[in-house]
Each structure stands twice: as structure tokens, then as C-alpha cells.
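Subject: Structure for your review

Dear colleague,

Please find below the sequence and structure that I am handing over to you. A summary of what was found follows.

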Amino acid sequence: MLKAFPNERQLDIMDCGPACLKIIAKHYGKFYSLQYLRDKCGITREGVSILDLSHAAEQIGLRTLSVKADINLLQRVPLPCIIHWDDSHFIVVYKTTSKNIFVSDPAKGLLKYAHQQFINGWYKANEQLGVVLAIEPQADFKQREADEKLERGKTLQNILGYFRPYKKSLITLFSVMLLVTVLQGFLPFISKAVIDVGIQTHDINFINLVLIANVAIVVSVMLCNVVRDWILMHITSRLNIALISDYLIKIMKLPISFFETKSTGDILQRANDHERIRSFIMNNSINLIFSLLTFGIFAAILLVYNTAIFFIFLIGSILYVGWVFLFLNIRKKLDWEYFELNSKNQSYWVETIEGIQDIKINNYEKSKRWKWENIQARLYKVNSSVLSINNFQTQGAQFIDNLKNLLITFYCAKAVINGEITFGVMISTQFIIGMLTAPVMQFIQFIISAQFAKISFLRLNEIHQLKDEDEGTGDNNIDYPEDKSLILKNVSFQYAPNGSMILKNIHLKIPSGKVTAIVGDSGGGKSTLLKLLLRLYKPSFGEIMMGNMNINNISLKQWRDNCGAVMQDGKIFNDTIINNIVLGDEKINHERLKNAIVTANIAQEIEQLPLGYQTKMGEQGRGLSGGQKQRVLIARALYKNPDYLFFDEATNALDSINEQKIVSALENIFKNKTVIVVAHRLSTIRKADQIIVLRNGMIVELGDHDTLLKNENGHYHQLVKTQMGENMYA
């Protein structure tokens, strides 16, 4: 039997390119993790390009050639190859025939398209051509060693570890389940005894005695079920909190680059994955154990009663389960597609709510709604497919189940007439069949849930395998060197491995206890340089030192405790004003707080509010002006009383009066602190001890205001002249 062509699933919307590379590498006999190939591609929030895929493929030993081709040329290209599909997706073509094109789609699985259908998805608009990346293994492809460490099954092992604190509760739970099953095992014998003994002999006392025993068993089962449900509720609620909490902890440990390459919908969708896993373990898995106990006991009873009836039930149940299994692969494909669309839907809602002001200003409501309706139409199509599959599966399963029950009923009736079994055995058999049907249904539900949970495991396992932001930096505080100047040695930075350099060969000393200003054109790398110093990113090349010590030797917590920063896109949280400034400091230093808000020139405005510092602000600082938000952010940075202060356009939203007051107040704060300021306004930077002029990612000038201004051909002189006009020397 021929082995099926491999298919690997993308774990979020932007993963289609790396997933295609993973499929082709697997076809040629090599396994790479999706994260490893993401890193090689340099994936961003926009995904990857053909050039990125080519670069990554050649790094793992695959030769590539990108061409534009038509359907005829595609049939002569070495297969498998990658094509750009529907202007927003990558898929692998692995086989072509005169009628069909066979593809391995990371989003939908193995598919085939008729030629015209394929052309409609492949050809670019207004062109009779499509983009194809031809790929072949190099001679040393199999000999190349991947510089990655693969971890498998980590998430499953970790999740099972959540149950260790509840060992006693779980033992009690299984004991209760066993007791319930054993008690229920007596019920068919009681029914048989009532009919075959009590009714046949007209013994009312015996019937009363059996009735009392039956009531005792029913009450006992009810009480056991109450205990079982209470234990399950207790474990489930605690487990759910632990799962989501640990996911949030892990997310917060990841580097900023993770959030820049993932859509909000993907991150939220992974949080929902935990609910699937919890439901699978707590509902389906534990219920399956209970069902297996029930099935084992009642199957043994039925086998003792009548072997023929047992085998009729067994064959019918096998056909029932087999029918349901026929639909698992279809369900799997639909579930992947639902995940992708639901992720887009969640991202859409977040984007719409956050951008509602711009939507209204630009009369963009209708177009935005149409985009939402397009997503809903696709979701409706998937949900309709799921509903159709469910209906077809359910109707077929019910037909098989009803046919099985009819055969058993007729067999029992004939057996009673022929004297092979008693009427009591027939009635008991119907009860036993009912008890056996439930475990079969539970087993099917377990298989379906296991398939869904497997997808969630894959997505979560990917997150848990990512390296933490502070990995390798240590946790202990260390003594800083005497010279706390920050020194950049040949630092270069690029966001993607094959992207353009944002910063190029930066050699720079930022003296301790001095003010350093960074100026330059927009997009010149100023904010990126600040983020490198804050260690939100790591340099692509070169190193950053504090004196004679590499800054990476300092734990991230210690370093950021020592840094105060006001960034261009700083956030105000949905909390009180005071909590937005102290950010969780349990022992508020009121003197530091007062100095911070006075320096930020916002004390008077806060104190005039009815609730003062306890005034709660809306999400993103709703209710505050842009200038007020910025002053709260400045107060937040100053409250920490750090040794290093970073300001990225910290006063750009302020009016000239507030700016002048804050700049004057900051002069005292800046004494004996190392300050790095990114700004355009001359009033903010002219008194800096040194000014760095960045252009196209390189330092083109360095000096103080007066020195740089003397160079009339210099870039700084032109920037100041543009801003100040004829008053530049005032």
C-alpha cells in the first residue's frame, strides 16, 4: 500500500509558509519543529514571503527556484513544490494529473482540485500566471544536522501533573464510581427475581422485600452520584484556574517578538484550548473510566444470561462505532478550518473595538462590517458542514442502533416462546442493553473529544516549548560594575533573519549620570535602539555592555527594576490613577509618589477629581486627554526612582506650557541618573550632555547641541533649522 503524502497543520494564521516547508522536509525524510522553521523564515505579524521561504529552505539544505508559471508549466515542475494560493496562503502541490491537482494544505489537509478550480485559487488577479517555489533537496540534505532541541509531549505531561495534588480525591472518586457500578449490577437480578420468583409464586412478601432492596440501591446510587459530582466540581474548578493561570504566566514570560508575530485572535484562541483539554480530561476521560467499569460488569452479566444476545449486541455496537469513525477525518478538517476562522473573528472584534474612533472619523463602518460579514459567511459555511455531518452521522448511527435493538427484542421474544429463557431474563436483558448502550455512546464521545483535544494539545505544546524571555539570564541580583555607562559595540539589529538592517554597526558610549538625546528622521531606528537598551529585543550582532560587563549577565527583573521608561505607545490600564502610577507596589512610598506627580505636572488635575487618586480610568485611559495620559506615564516612570530613564517622545502630546514646566522639573530629577531621550522638539534635547544623530540606522553625528549646530552641512543643523526656522540660534 502506498504511503500517503504527509500533511502538517499550521497552528495559527501566519504559519502556512513554515508548515509547507515542514511538509516537504518530512516528505524527504527530515523532521523539523514548526517553531524552528518559523525562526528560519523570520516570520512576522504579516506572515512570510516567497523570499523568506526560499531563504529558510536553503538553510536546511533544500534548493529553491521561484518562478511565475501557468498550469501547463506547473506539471513540469519537480514536485512537491510550494505555491502562493489565493493571494494570502501557501500550499504544497505534490501530484498532478490531466484532470486534477493534488495538494497538501496546512489549513485543510490533503485535497484535490479540478484544473479550473485550482486556476481560480492560484492565478494572480489580472494575470494568467501564479507564483510557484520549486524545491529539491541538495546533496547533503539528509546529512545536515538541525541546531534545535525537540521537545515532545511536554504539554500532556505537564497537564497530567495538575492532578497530583488531588490524588486522594481521585481515589475517592474512582471508589465511588466502582461502588455505583457494582450496585447497579444487582438491578437486573432484582428485576428477574421479581418476575420469575415473586410474580410466578404470587409471593407479596418477597416482592416487598425486593422492592425495599431496590429502593436502597437506588438511594445509595443517588447519594454516590451526589458525592461524585461534588468531587468533580471541586477538582474541575481548581484545575481550570490552574490551567489558565499557568498559560498567562507562560505568555507573560515570552519575549515581545512573540506578540508582534501573533494575532490577538490566535493568543485568545489558545486560552480557549485549555477549556477543551479540561473538558476532555475531566468529563470525557473520567466518564470513560466509569463507562468501562459499567460496560465490563454488564457485558459479563449479559454473557452469562445469553451468549447469542451478547454477540448480537457486540456486532451491532461495532457497526455503530465504525459508522461514527468514518466521519472523524472530515470532522478534523472542519475543526482546523473553524479554529482559523474563529481566530480571525476574535482578532476582528479586538481591532474594531480598539479602532472605533478612526472607523467613525473615516466613515469606514460599512466596509468594516462587510469584512465581518465575509468572516461570518465562511463560519456559517463551516458550521453548516458540521451540522450536516452531525445529522448524517446521527441518523445512520440511530438506524444501526434501532436495528440492533429490534433484533435483540425479537430474538428474546422467540427465546421466551421456545422456553430458552424466562420472561424475567427478557426484561432484565432490556435493562442490561440500556446500561451497555450508554458506555458505547460515551466511548464515541471520548474519541471525538480526543481528536479535538489533540489539536489543542498541539497548539499549547508549541507555546510551552518556546524559550522564556529571561532564559539564560539567571534570577539572582548581581553587583553592578563601578562604571555604569552603557556601551554598544558594533550593534546591528534586524527584525527578521533576512530582513533589512534597522540598526547598522552602532558603536556608542552612553555615559553614566548624563543625559543622552537621540534624534533623526522617522524610521531611522531611534525607538528600536531604546528597545534594545531596555532588552525588549536582543541585538542581531554585537553586544551591549555596562562598563566591562555584558548586560545579558544581569537578570531581566533586576535590570528593569532599575529602568523607568515612557514609550510612544505606553498603555494606561483599566484601574485607578494611583494603581496606574505605582503598578502593584504594595507598600506605596507616598513621598516618591508626590515627587513623581508634581514633576509630571499632573497633581493638581488629579486632586480636583471627585475621587482623586482613586478615580478609575477606562480601558486605554478612556476619560483622559492625550497629554494627561502622557503625564501619568511620566509619573509612573519617575515613581520607580530608577538609575536609568528612557523617554521615547515622552512630551510629544503635551502643549508647550506643560512641556516647559515638565522639562524644567525633570532637570533636577535627571541629576546623577543615566537618561536616554528620543525626541524631535529642540526644547527637550538642547541641554543634553550628548546628542546622537541617527540616519538610516547609522550614527552620522555625535556631540552636544552647540557643537553639532556649528556644522552647517550636518544633519542635526538641518533638523534644527527646519524646526526652528529663523529663530534657531535664539
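**Two helices side by side**

The axes of H22 and H23 cross at roughly 5 degrees and come within 13 Å (axes are lines fitted to C-alpha atoms, for helices over the stretch in contact, and angles run from 0 to 180 degrees between N-to-C directions). That makes H22 roughly parallel to H23, a label for angles under 35 degrees. In this pairing, Arg631, Ile634 and Leu638 of H22 meet Asn658, Ile662, Leu666 and Ile669 of H23, where contact means heavy atoms within 4.5 Å. By class, five nonpolar, one polar and one charged residues make up the contact of H22 with H23.

The model is a predicted one, in which local features need pLDDT of at least 70, side-chain atom pairs count only at pLDDT 80 or more, and totals for chains, interfaces and linings use all residues. Residues are numbered from 1 along each chain as its sequence is written, and side-chain values use heavy atoms, with hydrogens and water left out. Helices (H or I, at least four residues) and strands (E, at least two) are DSSP runs, numbered from the N terminus.

Within H20 (residues 590-599), Leu593, Ala596, Ile597 and Thr599 are buried (buried means under 20% relative accessible area, exposed over 50%, partly exposed in between, with a 1.4 Å probe and protein chains only). These residues lie on the same side of H20, because they cover an arc of only 160 degrees around the axis, taken from the directions from the helix axis to the C-beta atoms. The buried residues of H20 pack against H19 (577-582), H21 (603-607), H22 (626-639) and H23 (656-669). On the face turned away from that buried side are the exposed residues His590, Glu591 and Lys594. Just after H20, Asn601 takes a positive phi of about 60 degrees.

**Individual residues elsewhere**

Pro6 lies in the segment before helix H1 (16-27) and counts as buried, at 13% relative accessibility. Leaving aside neighbours within four places in sequence, Pro6 is in contact with Ile23, Lys26, His27, Ser104 and Leu110. The C-alpha atoms of Pro6 and Lys26 are separated by 7.0 Å, with the two residues 20 apart along the chain.

The peptide bond from Leu79 to Pro80 is cis, with omega near 5 degrees. Pro80 is found in the loop between helix H4 (71-74) and strand E2 (81-85).

Asn672, in the loop between H23 and strand E14 (674-678), has a positive phi near 65 degrees and counts as exposed at 74% relative accessibility.

Yours sincerely

Terms used: Angles under 35 degrees count as roughly parallel, over 145 as roughly antiparallel, 65 to 115 as roughly perpendicular and the rest as oblique. Ala, Val, Leu, Ile, Met, Phe, Trp, Tyr, Cys and Pro count as nonpolar, Asp, Glu, Lys and Arg as charged, and the others, Gly among them, as polar.
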